[in-house]
Every structure is written in C-alpha cells, then in structure tokens.
Amino acid sequence: MRISVIGCGYLGAVHAACMAKLGHEVVGVDVDENKIKDLSAGHAPFFEPGLENLLKEVQATGRLSFTTDMAAVQGSSVHFVCVGTPQKKGENAADLTYVDAAVHALMPHLSSGDLVVGKSTVPVGTAARLTSIVHRACANAHLVWNPEFLREGHAVADTLQPDRFVYGVADGSEDNPAVKELDKVYEIPLSEGTPRLVTDLPTAELVKTAANSFLATKISFINAMAELCDAAGADVSLLADAIGMDDRIGRKFLNAGVGFGGGCLPKDIRAFMARAGELGADQALTFLREVDAINMRRRTRVVELTRDLCDGSLLGRRITVLGAAFKPQSDDVRDSPALSIAAQLQLQGAVVTVSDPEALENAARRFPELHYEKSTEVALDRADAILLLTEWPEYRDLDPYETANLVVDRKILDGRNVLDAKKWRAAGWTFRGLGRP
Ligand code: UGA
C-alpha cells in the first residue's frame, strides 16, 4: 500500500520505517528540514535502539522516503498523523497546534476513499472535531483513531509486534470500511496473532490516556509505598516482589525510585485532568493530582537525602549524577527526574557533574548551567557523593571497589533501587536507597 506519515518525531519516524518494513511504500513528511535531511540520509535524529539499522535496511529497498513537501502525500491512500501534543505552557491541557496544523495541511491533498489515521495522543473529543474537517475537505474520506502504545527504547519492536491494535471508527462498527483498509496496513502483525479491537472514536482516544494514567498510577502507588517503607524501616523492593507475585497486580511498573518522567506520562495525566474538567467530570480524575504530587515529591526527597548524605550541607559538594535521560536506552530528557534533581542540587550550591551515555547533548540544551562529562570514570573523579538516577546497564554494573578508587568519599544514593546494597556497604560505602532500609 502507499502510505504517508505526517510528523517524523519519535512516533512518526519509527512508524514510517516500520510500515516500510511491513512492505508498504511510505513517505514521511515533517516541517523540520534538519530532521528530514537526517532521516533521508538513513540517520535517526534521536537515539532509539534498532532504528538506524532499520532505516538503512528499508531505504535500500526504495520503499521509504522523507520530505518537507506535503504534496508528496498525494497518491497515498492512508495518512498517519503522528505529530506531538505537548503540554501547553503554563497550563495542564494538551497543545493541539501541531495536530490541527498537520490535518489542515493534509486536507488539500486528500482523495476520495482515503484514510486519515490519528496516532497522536489527544484529548477525548478531538477525533470527532477532526472528522468534520476531513469530511468538509473530502466527503468520502474517513478518519480513524488508532492510538500508539510504543515505549521509547523498544519502539521498533513495539510497532512491529504490538500488544494490540485499537481502531476507533465513527460508528464503532466492524463493518466500517476503514476497518478493512487498516487491516490491510497491519496484515502481517494481525496474521501473527496481534489482537485488535474496534471501538467508537472517544473510546479509542480514551484507551490511550487511560493506559498511560494507569501506568503512572502504578508507579506512584509503589513510590507512596516507598515513603511508608522509609517511615517504617521496611523494604519496598521486596514488597513489590511479593505483591507482584499476585497475577492480578503483576510486578511490571512497580519499581520505586525517582519517579516517572518523559514526554508522555507526566503531560498525559495532566492533559487528562484538564479534559475531564472541561467535560464536567473532574472529580473522576482528582486522584491523578495525587499521582502527580507523589511523583514530583520523589525529586525533592532525593535532594533532601543527598543533603543528608553530605552531612547536612550541599554547599561546594562535588556531586556526580549518573544518568540524564528519563529512562535508559533513550536520549530523551523531557521532564527527566534525573536532570531536574541535578538542577535543584546545583541551585542549592552543589557542584554537579552529570554523565549519561546518550543524552548529554539534549541535556546541555535544556540545562546549559550544569557540567557534563560523558566518561563515567572522569565524571566520578573526586566526587563527594554519587547519585544513580537513570539505570543504564553500565551504572548498574559499577564495581564498588573500583569506583571507590575514584571518589573522595564513598557515598552513594541509588535512586532506581538497582544496586546491591549489601555489596556496596561491604566495600565501605555509605549507601542510601529509596524505600529501602
Ligand atoms: C509510555 C508508555 O509506557 C507507552 O505505552 C506509551 O505509548 C508512551 O508512554 C506514549 O504515550 O507514547 P515511555 O514514555 O517511553 O512510554 O516510558 P515508560 O517506559 O512508560 O517509562 C516512563 C517513566 O516511568 C520513566 O521515567 C521510567 O523510568 C519510569 N518508571 C517506569 C518507573 O519509575 N518505575 C517503573 O516501574 C517503570
């Protein structure tokens, strides 16, 4: 099939490459010329394992191209809208400027029978509004909402072998012609057994925000338990193992630590609350305010613990922060707990060095006042205290004896609860975890 993908960020670039891998002829469109130049040369403009190889592989087949010219979508029968929906400045609500701009720019190029497929995360009700724009431009075109559940760091596999497909169509019916068309797009994963659900438009939009809200709630739940464990002298990691053995609860997303960040979970729960308020259902989501508050409290807690670790004063203390990305296998620093903690420590007088295998360029753009060092060894040199805030494998594998030779003081705070406390203490370290005795 001939497919266009509008917006070539994390979601769109991966989606375009994966659609070409599935055998389709794909054109990716973005307004950012640099991004298009990179992608056309087979370079991923961000760090995503497997993406660069996939780009090169599918570009060699001639089935994938990128352009800034929207007219190139002509001839495609399916158009995926993959642009970002960031948080509005100074408000909780989502900023739909890019979605609206993309849809409006696409309209003059629509043909009868075309599918416009929304993948961006949007407030419920957006799809209905966009449907009327699509129908005004072309009465026989269809709008479908097909939310994306990919995780950064696993984006290629999550796109090629997703847990499920959700198709939101106007009448919520299996017989809607758009369903058959989208089935053709996803023929390979569907034939491999990926389940798919057909829903109406608002349900499909809500599935995405509900899923992310549930994940955020799970993380904040275990972080609230970590606060209790701290108060009671209990161990949150063992607690998570034990409750996670109950199938109904499950162990995934029960890792207590510095909390969730990134370009999705934090802004999605806020946008969800804002939208619920507009719909007069704000009470239904007041718990998400608490989820957000627990999450933000983690950052303050780490700053307090670090001060404790430094005998009550941060002034002039050399602190090495391991990790800048919001999670490992990503160079994304949007709303990164690690960076926000590093910046707070620096504000309070510490001399902070941040290290990360992939995210330093993005971090320096966001917080130019911090000091950055790519080499872990150099970053640890003469540190008064170490904070592990993003659990990259190289930090999880640090050897406490070798590390001890680099630092001034053997003090470490494990903000992700991934290190073996006994081993580090045996090597003479003052060791602090979060919610661990
Ligand atoms: C999230 C969802 O997991 C995806 O399903 C969704 O498609 C995506 O948002 C999106 O809306 O586009 P992502 O932002 O890539 O994916 O990151 P996650 O893997 O969900 O992690 C989010 C944050 O939670 C990270 O900062 C991570 O370190 C933290 N986390 C995760 C914890 O603190 N504890 C856990 O147990 C798990």
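Reader: Leaving aside its neighbours within four places in sequence, which residues is Ser213 in contact with?

Author: Ser213 is in contact with Ile269, Phe272 and Leu288, its neighbours within four places in sequence left aside; contact means heavy atoms within 4.5 Å. A word on the source: this is a predicted model, where local features need pLDDT of at least 70, side-chain atom pairs count only at pLDDT 80 or more, and totals for chains, interfaces and linings use all residues. Residues are numbered from 1 along each chain as its sequence is written, and side-chain values use heavy atoms, with hydrogens and water left out.

Reader: Where does Ser213 lie, and is Ser213 buried or exposed?

Author: Ser213 lies in helix 9 (residues 201-232); helices (H or I, at least four residues) and strands (E, at least two) are DSSP runs, numbered from the N terminus. Ser213 is buried, at a relative accessible area of 5%. Buried means under 20% relative accessible area, exposed over 50%, and partly exposed in between, with a 1.4 Å probe and protein chains only.

Reader: Now the ligand. Which residues come nearest?

Author: There are 21 residues around the ligand, and Phe149, Leu150, Glu152, Asn212 and Arg416 come nearest. A residue is near a molecule or strand if one of its heavy atoms lies within 4 Å of it.

Reader: What do Glu152, Asn212 and Arg416 have within reach of the ligand?

Author: A polar backbone atom of Glu152 is 2.7 Å from an oxygen atom of the ligand. For Asn212, a polar side-chain atom lies 2.8 Å from a ligand oxygen. An N or O atom in the side chain of Arg416 is also 2.8 Å from an oxygen atom of the ligand. The cut-off for a polar contact is a pair of N or O atoms within 3.5 Å; within protein, one must be able to donate a hydrogen and the other to accept it, and residues adjacent in sequence count only if both atoms are side-chain atoms.

Reader: Back to Phe149. What sits over its ring?

Author: The charged end of Arg164, 3.5 Å from the ring centre of Phe149. A charge sits over a ring if NZ of Lys or CZ of Arg is within 6 Å of the ring centre and within 35 degrees of the ring normal.

Reader: How many aromatic pairs are there?

Author: The structure holds 6 aromatic pairs. Rings of Phe, Tyr and Trp (its six-membered ring) pair if their centres lie within 6.5 Å; planes under 30 degrees apart count as stacked, over 60 as edge-to-face and the rest as tilted.

Reader: Why is the pair of Phe165 and Tyr186 called stacked?

Author: Because the two ring planes are at 20°, with the centres of Phe165 and Tyr186 4.1 Å apart. Phe165 lies in strand 7 (residues 165-168) and Tyr186 in the loop between helix 7 (177-185) and helix 8 (187-191), so the pair ties together parts 21 residues apart in sequence. Phe165 is buried at 5% relative accessibility, and Tyr186 is buried at 2%.

Reader: And which aromatic cluster is Phe165 in?

Author: Phe165 forms one aromatic cluster with Phe80, Tyr167 and Tyr186.

Reader: What about Trp424 and Trp429, how are their rings set?

Author: Their centres are 5.0 Å apart and their planes at 70°, so Trp424 and Trp429 make an edge-to-face pair. Trp424 is buried at 1% relative accessibility, and Trp429 is buried at 4%.

Reader: Different topic. How many disulfides?

Author: The count comes to 0 disulfides, a disulfide being a pair of cysteine sulfur atoms within 2.5 Å. For Cys8, the nearest cysteine sulfur is that of Cys82, 8.0 Å away. Cys264 is in no disulfide either, and its nearest cysteine sulfur, that of Cys82, is 13 Å away.

Reader: Which residue does the side chain of Thr159 reach at 2.7 Å?

Author: Ala155, at its backbone oxygen. Thr159 is in helix 6 (residues 155-160) and is buried at 5% relative accessibility.

Reader: Last one, backbone. What is the phi of Asn417?

Author: Asn417 has a positive phi of about 50°, although it is not a glycine. Most residues other than glycine have a negative phi. Asn417 is in the loop between strand 13 (411-414) and helix 18 (421-426), and is buried at 13% relative accessible area. Gln329 has a positive phi too, of about 65°, and is not a glycine. Gln329 is partly exposed, at 28%.
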